[in-house]
Amino acid sequence: MKIDVVLGLQWGDEGKGKIVDVLAKNYPVICRFQGGPNAGHSLQFSNKSFVLHTVPAGVFRKNTVNIIGNGVVLDPVIFLDECKAISKMGIDPTKNIIISKRAHLILPTHRIIDAASETSLGKTKIGSTLKGIGPTYMDKTGRNGLRAGEILAKDFKKRYNTLKQKHVAYLKQFNFNYDASTYEKEWFKAIEYLKKFTIADTEYELCKHLKTKKALAEGAQGTMLDVDFGAYPFVTSSSTVCAGACVGLGIAPTKVGRVYGIFKAYCTRVGSGPFPTELQDAVGERLRKAGHEFGATTGRPRRTGWLDLPALKYAVMVNGVTDLIMMKADVLDTFDTIKIATGYIVNGKKTDKVPFDTYAKIEPVYKEMKGWKKDLTECRKPEELPAAFKRYISFIEKELGIKITYISVGPDRAQTIRMG
């Protein structure tokens, strides 16, 4: 059987959590393959809202196996808090979540290093969520990290202290005051809770399941935040593209089936870095309010702008997207005119390619389209969609060369339209 992949095509916050929740009924196995608690996947059903940071979005589906892969970095404290909230729903997360032994742990000192480093950058800061993600991945690639499977070792506390002391020595270069003692106590309590879960060689577990079952891989953040293909250095620390699912789960590329690329009908971004179609005016604020664009993890207001087709084409190309899914189409319901960036003028030259130079001067080239001026939230079938909205969809499909499979017209599970 194949493993299908759901990933973001923009700067994250596209609505992946909702779509994984909607698709989960078709998949007995759901996997997270990268990122950490800097991601917040929002779900809404039965008039209740949830935000998942580490746990795969299939946790609310009965008889679904949820795998936290080796590519994920895990903060035991945040994971414990998340599982407590899930338990209040009458779901025992210890029964249907499997954690990779190879998933790296975020230590209290990782969070401090993150804060100290970001503070030292001043105006050039990256816009980190300060969850310790970057420093944890640095330790992983630097071969210093502490992995989930090690919590079962007799000398785990010694291994922890060895890495902690390395962090303390590193922090001396910063003029940064900190006290990790309180969070450290919580951290070790959460480690004991973590021991209640199945901590396994998940690459074996997943490959065993794939012999008879379909699986869905759930990405975090978005393609334009990929450590290789995003606007470096204003990126996350992991591989957010489709290839990252192979590395983050231990599966062969030949096992990948459909690739669901998720994008908003407009664009948002959290943190620093280039954003060609950003609207720093009343229109941008209108988008922010209509779309409730505030970070699920940080609460920070998101930057907003029109849909960026050159960036979307780039994301489709590097991911091998087979199916497009448009989110938050209803946010544009009240606009008389809607703009779409079809190209850029970079340093005076027109192009339809995303420039390598993060600091290049980029001016978007826009196409204007008439708004549909109808409430999409009540639509449930393709034939109920207004003609102007269908023209918007058709234009995007023609430009990208791929059909839009699903359209989301609201936060609830039921507000999802299958096209064709």
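Colleague: How many aromatic pairs does the count come to?

Modeller: This is a predicted model. Rings of Phe, Tyr and Trp pair if their centres lie within 6.5 Å. By this rule, the number of aromatic pairs is 12.

Colleague: Is the pair of Phe156 and Trp187 stacked or edge-to-face?

Modeller: The two ring centres are 6.2 Å apart, and the planes make an angle of 15 degrees. Planes under 30 degrees apart count as stacked. So the pair of Phe156 and Trp187 is stacked.

Colleague: How many residues apart in sequence are the parts that Phe156 and Trp187 tie together?

Modeller: Phe156 belongs to helix α6, residues 156-171. Trp187 belongs to helix α7, residues 181-194. The pair therefore ties together parts whose separation in sequence is 31 residues.

Colleague: Is Trp187 buried or exposed?

Modeller: Buried means under 20% relative accessible area. Trp187 has a relative accessible area of 0%. So Trp187 is buried.

Colleague: What kind of aromatic pair do Tyr160 and Trp187 form?

Modeller: Their centres are 5.0 Å apart, with 35 degrees between the planes. Stacked needs under 30 degrees and edge-to-face needs over 60; the rest count as tilted. So the pair of Tyr160 and Trp187 is tilted.

Colleague: Which residue lies over the face of Phe188?

Modeller: Phe188 is in a cluster with Phe156, Tyr160 and Trp187, linked by ring pairs. At 4.9 Å from the ring centre of Phe188, over its face, lies Lys157.

Terms used
Residues are numbered from 1 along each chain as its sequence is written. This is a predicted model: local features need pLDDT of at least 70, side-chain atom pairs count only at pLDDT 80 or more; totals for chains, interfaces and linings use all residues. Side-chain values use heavy atoms; hydrogens and water are left out. Rings of Phe, Tyr and Trp (its six-membered ring) pair if their centres lie within 6.5 Å; planes under 30 degrees apart count as stacked, over 60 as edge-to-face and the rest as tilted. Helices (H or I, at least four residues) and strands (E, at least two) are DSSP runs, numbered from the N terminus. Buried means under 20% relative accessible area, exposed over 50%, partly exposed in between (1.4 Å probe, protein chains only). A charge sits over a ring if NZ of Lys or CZ of Arg is within 6 Å of the ring centre and within 35 degrees of the ring normal.
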